[in-house]
Amino acid sequence: MVAIVTGGVRGIGYAIAESFAAAGADLIVTTTREPESSSDELARLRSYGTKVMAIRLNVADKAEVSEKLPEAVKEMGGVDILVNNAGITRDGLLLRMSEKDWDDVLSVDLKSSFNTIQAVLPFMLRKKAGSIINISSIVGVNGNPGQCNYAAAKAGLIGMSRSLGKEMGPKGIRTNCIAPGFILTDMTSGMPEKLVEEWKERIALRRPGTPCDVAGVALFLASDMSAYVNAQVINCCGGM
Ligand code: NAI
């Protein structure tokens with residue numbers, strides 16, 4: 001088994017990559033900086049004994065993805081699982097949102113998946129098998145003030161996944177989304193304490209999620225345990 005995890009050296013992406021390595025998968029993880037700058041994380045992923053390839057890749061850049069990802073897949077001998085995890089936020093009220101903040105979020109959080117999926121689909125089609133897992137967000141399901149760009153991108157990802165699941169299901173390729181709720185990572189670490197408390201109040205389980213909570217759902221969607229799950233969205237939000 002070979003799995004690609006974009007943004008796989010920190011946060012949710014890292015937890016997913018680690019759970020896959022622990023389950024015996026070879027990995028291609030993408031980074032935004034030179035892979036050497038994540039040497040500790042890569043060493044930990046390699047400690048499970050599977051092959052781990054790290055490539056620097058801007059997932060928003062179609063030309064770069066079309067060139068580098070197929071090269072990496074060929075070197076690994078194919079691909080079975082693609083996790084589109086890379087994402088950014090550029091929060092602000094729509095009224096004052098800059099065009100750049102809109103475009104950047106749409107590019108990294110939505111177009112990136114178009115880029116990576118087009119690059120790997122030919123390999124999955126050859127095998128007539130594959131699992132594509134797109135990391136959306138509960139914000140893409142419910143909306144959130146101050147995050148119109150992010151919500152639009154993450155809702156777009158849901159629409160794309162449901163459609164692709166229907167396009168590629170007949171070819172043996174499943175596509176699903178995970179919609180995490182409030183997960184403790186670098187992305188959420190800068191939130192004011194008051195806001196964090198407000199979020200926690202809205203979570204039935206009364207705690208924020210961890211990257212491992214999301215990784216468990218990703219492992220399920222990557223494995224044959226979810227062989228009959230396609231074109232779906234699984235919320236991972238503690239009952240928010
Ligand atoms: P994070 O900020 O720790 O990780 C984001 C990852 O995306 C990093 O590895 C970063 O290098 C990568 N990335 C950013 N721009 C990139 C680009 N242009 N090309 C390639 N990689 C790029 O944040 P976190 O929380 O681990 O987020 C992972 C995913 O989960 C994101 O898609 C995020 O939107 C989603 N998510 C996170 C939630 C949370 O509460 N933390 C809730 C719902 C969804």
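Visitor: How many strands form the open sheet, and in what order?
Guide: In this predicted model, 7 strands form an open sheet, ordered 3-2-1-4-5-6-7. The pairing is parallel.

Visitor: Which strands stand at the edges?
Guide: Strand 3 and strand 7 (233-236). Each has a single partner strand, so one side of each lacks a neighbour in the sheet.

Visitor: By how much are neighbouring strands turned against each other?
Guide: By 15° on average, with direction ignored.

Visitor: How many bridges join strand 1 to strand 2?
Guide: There are 4 bridges, and strand 1 and strand 2 run parallel. V5 stands opposite V29 in strand 2.

Visitor: OK, helices. Which strands does helix 4 lie across?
Guide: Helix 4 (residues 99-127) lies across strand 1, strand 4, strand 5 and strand 6 (173-180). Its direction is at about 175° to strand 4.

Visitor: And helix 2, which strands does that lie across?
Guide: Helix 2 lies across strand 2 and strand 3, and runs at about 155° to strand 3.

Visitor: At what angle do helix 1 and helix 2 pack?
Guide: Helix 1 (residues 11-22) and helix 2 (residues 39-46) pack at about 25°, and their axes are 9 Å apart. That angle makes helix 1 roughly parallel to helix 2.

Visitor: Which residues make the contact?
Guide: From helix 1, Y14, A17, E18 and A21; from helix 2, E41, R44 and L45. By class, the residues of this contact are 4 nonpolar, no polar and 3 charged.

Visitor: Switching to the largest nonpolar core. Which residues touch the most other members?
Guide: I16, F20, L27, V29 and I178, out of 31 residues in that core.

Visitor: Which elements give two or more residues to this core?
Guide: Among the helices, helix 1, helix 2 and helix 9 (211-222) do. The strands that do are strand 1 (2-5), strand 2 (26-31), strand 3 (52-56), strand 4 (81-84) and strand 5 (130-135).

Visitor: Where does the largest share come from?
Guide: From helix 1, which gives 7 residues to the core.

Visitor: Back to L27. What does L27 touch?
Guide: Leaving out residues up to four places away in sequence, L27 touches A3, A17, F20, A21, L45, K51, V52, M53 and M76. A17 and A21 are also in the contact of helix 1 with helix 2, as is L45 on the helix 2 side.

Visitor: How many residues are in the second core?
Guide: That core is separate and has 25 residues, including V2, V79, L82 and M168.

Technical notes
Residues numbered from 1 in each chain as written. Predicted model: local features only at pLDDT ≥ 70, side-chain atom pairs only at ≥ 80, totals over all residues. Heavy atoms only, no water. Axes fitted to C-alpha atoms, helices over the stretch in contact; angles between N-to-C directions. Parallel < 35°, antiparallel > 145°, perpendicular 65-115°, else oblique. Contact = heavy atoms within 4.5 Å. Nonpolar A, V, L, I, M, F, W, Y, C, P; charged D, E, K, R; others polar. Core = buried A, V, L, I, M, F, W, Y, C linked by side-chain atoms within 4.5 Å. Buried < 20%, exposed > 50% of the residue type's maximum accessible area, 1.4 Å probe, protein only. Pairing = 2+ DSSP bridges.
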